[in-house]
Amino acid sequence: MKLFLAPMDAITHQAFRNLVARFGGCDEYFNEMINASSLLAGGAWEKYYLLDGPEPEKLVWQLTDKDGGKMAEAARILAEKNGLGIDLNMGCSAPQIAKTGAGIAWMTKPIEETALMVHKVKSALENAAKDGRKSKRLSVKVRLGDESYTEEKLHDFCAMLIEEGVQMITLHARTQKQKHSRPSNWQAVEHLALRFPEIPVILNGDVKDTASFERAKEIAPHAQGIMIATAAAQKPWIFAELRKIVGAKQGRQRLPLSPTMTADCHSRASTRESFDCEQLALDFIDDVERFQPKEFWKTRLQRFFAYYCLNFSFAHYFQAQMLNACDNDDARAKILEYFKKCPDDKLLSI
């Protein structure tokens, strides 16, 4: 059972991926989605979306756009870079994305239009492969569909994707308008995996701890992987927790750290049962300053700490402090102040 870090806007940039890597990483990291039009325009900030650390060979570039031609051209550019593959975003239901014709809108357009876009992207990947190299893997992240969803419609849509060359499908098993308060339909993932055994089908949605991980595997045993989103934002060590389950069932207590991890990650990786939550937060701010433009610092910190603070005794107080921090130095001061007042929260065991 493979473990995947989900693509999350303003979260799964390199500074955050470094946190995950400190705990041994995961099988694949999906970056925050790249807008094809912005990439092709060569904006000043696009270089930050193209950072591929800390484990480039495990990185998947996720693309979004309303224009199929631009998706294909962006895929050609990304095919020349490090990374495992290209993922097409057909699951984002945020109104500001869907209304433009991107994200889940690709599931509601005429199927011929979506098929043509996928065909163009696949062709771009194949044409970019040179000197005997294999083309980058093409995957798609989808939802169940809009509110007229039926399993038959979903399967027909996925059959089209596979016919056009898609090699992996991740299913966030909610409809377009269903919120996270509604449980994810894991049975739909199992049915999709049984319908298309020729490709990996990945489960996404509601896996947040060891109990839900075990339950998801029980309901969808033919899924070949589990993708984790906001639970990883709250607990970057969640993959380490889940690997303990996998390792125990395989007769191992702990899986080894990735040999490709950077020296910096090795030196700070947690190989014990507990780690310093204060230092982790401070190191994250340092890495945001290293790997993000100054214009992004505030939003990147706010997005992360909105989840990370939920681990602690006075979660909402700590969260409010961090979301209202004036700047990075103020955020650092608030972290030190919180753990001085709540020293029992400083060390966390996994």
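How many aromatic pairs does the count come to? The count comes to 20 aromatic pairs, in a model that is predicted.

**Stop 1: one pair.** Select Trp237 and Phe275. Their rings form a tilted aromatic pair. The centres are 4.8 Å apart, with 55° between the planes. Trp237 sits in the loop between α11 (230-234) and α12 (238-249), while Phe275 belongs to strand β10 (residues 274-276), so the pair ties together parts that are 38 residues apart in sequence. Buried or exposed? Trp237 is buried, and Phe275 is buried too.

**Stop 2: a charge over a ring.** Clear the selection. Pick Trp106 and Lys109. Lys109 lies over the face of Trp106, 3.4 Å from the ring centre.

**Stop 3: two helices.** Now show helix α9 (residues 186-195) and helix α10 (residues 210-219). Two packed helices are described by the angle between their axes and the distance between those axes. Here the packing angle is about 45°, and the axes are 8 Å apart. α9 and α10 are therefore oblique to each other. The crossing of α9 past α10 is right-handed. Which residues make the contact? On α9, select Trp186, Gln187 and Glu190. On α10, select Ser212, Arg215, Ala216 and Ile219. Show the side chains of both sets, and the tour ends there.

Conventions:
Residues numbered from 1 in each chain as written. Predicted model: local features only at pLDDT ≥ 70, side-chain atom pairs only at ≥ 80, totals over all residues. Heavy atoms only, no water. Phe/Tyr/Trp six-rings, centres within 6.5 Å; stacked < 30°, edge-to-face > 60°. Helix = DSSP H or I, 4+ residues; strand = E, 2+ residues; numbered from the N terminus. Buried < 20%, exposed > 50% of the residue type's maximum accessible area, 1.4 Å probe, protein only. Lys NZ or Arg CZ within 6 Å of the ring centre and 35° of its normal. Axes fitted to C-alpha atoms, helices over the stretch in contact; angles between N-to-C directions. Parallel < 35°, antiparallel > 145°, perpendicular 65-115°, else oblique. Left-handed = near helix turned anticlockwise from the far one by under 90°. Contact = heavy atoms within 4.5 Å.
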